[in-house]
Amino acid sequence: MSRVIAVMAAVTTVLVLAACGGDNSSSSRATLNFFIFNEPSGGVQAAAKQCSAASNGAYDIKFQYLPSQADSQREQLVRRLGAKDDSLDILGLDVVWTGEFANAGWIEPVPAAIRPAVTEKVFPSVLNTARFENKLYAVPIWSNTQLLWYRKDRVPQVPKTWTEMTRMAEKIGPAKGQIQVQGNKYEGLVVWTNAVIASAGTSILSGPDKIALDPVKTKAALAAMGGMASSPVAAPNIDTSTEDTARLGFESGSSSFMINYPFVYPSAKSNAPAVFKQLGAAKYPGIYPNVPSKPPLGGINLAVSSYSKHKAAAFAAIKCLIKPDNQLAIAKAGGLPPVRADVYDRPAINQVYPGFADLIRSSIRDAAPRPSESPAYQDLSLAIQDAIHPSSGIDPKNPGSTYDKLNDKVQQAIDRKGLL
């Protein structure tokens, strides 16, 4: 009897969503092509398999893997969507792509019928990455944030600011006190720049096409970046460093501080047991001692292609994929932080983030998203990279010239002048 009720409920759900999304395929089993990078833990695949089975014949989710690099993922999606390829159904989007894809008309607004279910308990900071012009176009499935990782045997007191961290590292000395960050000319540098500017109390944009960048606060942020990057304790490869080179540098034992995502925790446990024993985690550094920092925010949002033939079924599948149990299972499998705040109340989350689950939660809660509300985000990202790189070239005593360059480049990007 319960199975009959479940089948009726599933059919009713698809019919309701079909009315919202204009899908004509509810009478047959839909094959939903899910375009996303191949997340190696298998957590997403397991959730998709479970959702396909639970749909009672409404849909099957079929993975179509994108390249591992974010730029290549975007390029392939843009090429297919620009050609109105109707073989795309569910899209796994980097959190900074929502504005661009929505503005281009490539993704569907989330139907009102499922909005309460897919937004309940989701961190507001995360939900902001899924909106464009105050309309929800995507559904967050997992988030990410950066922490300050440090050596407990070398750091008696956790620094609260970038400047304080640099001074502590200089006391330890370059041989063991190096600081690892992401300074290469790529999106990681934008993540760093946006976080320190937000931590100083300003922002890059104040809307899709309006520049913010308070001069005093932005210069304070740039001075902190330049002061660290030009110090003898900056990692020797800072101007080409990425998440992975930073991880490897820290695991080598030469560093006492590292800014990075939580994936470094299981990595150190497996690759560098001696370092792992001394590994501590703390909140992302700020700019001012008494002003809380605004950590970086990453993650993946799910959206439905505007050219999909199975929009209603695709939204039904997304509603299933992001259920709290699936978020927890994905976190257990791959360490990817849930987007619902209440998942962090479950005891099992402490198996994923031993001793720092609440730190992950507060970092995501307080995070500052990158200015992805701008449809010109890709140009904006390149503009920031061009202005800031190399960070070791920023004069901490006179960051005005870097500020002027950043301001000019950002203005060109949002004006779509193509002068980058």
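Two residues are in contact when heavy atoms of one lie within 4.5 Å of heavy atoms of the other. In this predicted model, Arg-29 touches Gly-57, Ala-58, Tyr-59 and Asp-60, where residues up to four places away in sequence are not counted.

**Around Arg-29**

**The largest pocket**

- Rolling a probe the size of a water molecule over the atoms shows where empty space is left.
- The largest pocket holds about 1600 Å³ of space, and among the 48 residues that line this pocket, those closest to its centre are Phe-37, Asn-144, Glu-243, Tyr-261 and Phe-263.
- Helix 17 (residues 377–388) supplies 5 residues, which is the largest share of the lining of the largest pocket.
- Sorted by class, the lining of the largest pocket consists of 24 nonpolar, 15 polar and 9 charged residues.

**The second largest pocket**

- The second largest pocket has about 400 Å³ of space, and of its 19 lining residues the closest to the centre are Pro-369, Arg-370, Pro-371, Ser-372 and Glu-373.
- Two or more residues of this lining come from strand 4 (131–132), and two or more come from helix 8 (187–199).
- The lining of the second largest pocket is made up of 8 nonpolar, 7 polar and 4 charged residues.

**Salt bridges**

- Across the whole structure, a search finds 18 salt bridges.
- One of them joins the side chains of Glu-187 and Arg-370, with 2.8 Å from N to O, and this pair links distant parts of the chain, since Glu-187 belongs to helix 8 while Arg-370 lies in the loop between helix 16 (357–366) and helix 17, 183 residues apart.
- The two partners fall into separate classes of accessibility, because Arg-370 at 8% is buried, whereas Glu-187 at 24% is partly exposed, and the limit for a buried residue is under 20%.
- A salt bridge of 2.7 Å, N to O, brings together the side chains of Arg-340 and Asp-342; Arg-340 is buried at 9%, while Asp-342 is partly exposed at 25%.
- Arg-340 and Asp-342 also belong, together with Glu-120, to a network of salt bridges.
- Asp-345 and Arg-361 meet through their side chains in a salt bridge of 2.8 Å, N to O; Asp-345 lies in the loop between helix 14 (324–334) and helix 15 (349–352) and Arg-361 lies in helix 16, so the pair ties together parts that are 16 residues apart in sequence.
- Asp-345 itself counts as exposed, with a relative accessibility of 54%.

**Helix 18**

- Helix 18 (residues 400–414) contains 15 residues and spans 21 Å from its first C-alpha to its last, which is close to the 21 Å expected at 1.5 Å a residue.
- An α-helix has 3.6 residues a turn, so residues three or four places apart point the same way.
- The buried residues of helix 18 include Tyr-403, Leu-406, Val-410 and Ile-414, and among the elements that cover the buried residues of this helix are helix 8, helix 9 (215–229) and helix 17.
- After helix 18 comes Arg-416, which has a positive phi near 55°.

**Details of the backbone**

- Most residues other than glycine have a negative phi, and most peptide bonds are trans.
- Asn-56 is not a glycine, yet its phi is positive at about 55°; Asn-56 lies in the loop between helix 2 (43–54) and strand 2 (59–66) and is partly exposed at 33% relative accessibility.
- Lys-121 also has a positive phi, near 65°, and is found in the loop between helix 5 (115–119) and helix 6 (124–128).
- The peptide bond that leads from His-389 to Pro-390 is cis, with omega near -5°, and Pro-390 is part of the loop between helix 17 and helix 18.

Key:
Residues are numbered from 1 along each chain as its sequence is written. This is a predicted model: local features need pLDDT of at least 70, side-chain atom pairs count only at pLDDT 80 or more; totals for chains, interfaces and linings use all residues. Side-chain values use heavy atoms; hydrogens and water are left out. On a 1 Å grid over the protein atoms alone, a cavity is a set of points where a 1.4 Å probe fits but cannot get out, and a pocket is an open set with protein on both sides within 12 Å along at least five of seven lines; lining residues have an atom within 4 Å of a point. Grid points are joined across faces, edges and corners, and a volume is the space filled by probe spheres set on the points. Helices (H or I, at least four residues) and strands (E, at least two) are DSSP runs, numbered from the N terminus. Ala, Val, Leu, Ile, Met, Phe, Trp, Tyr, Cys and Pro count as nonpolar, Asp, Glu, Lys and Arg as charged, and the others, Gly among them, as polar. A salt bridge is a side-chain nitrogen of Lys or Arg within 4 Å of a carboxyl oxygen of Asp or Glu. Buried means under 20% relative accessible area, exposed over 50%, partly exposed in between (1.4 Å probe, protein chains only). The expected span of a helix is 1.5 Å times one less than its number of residues.
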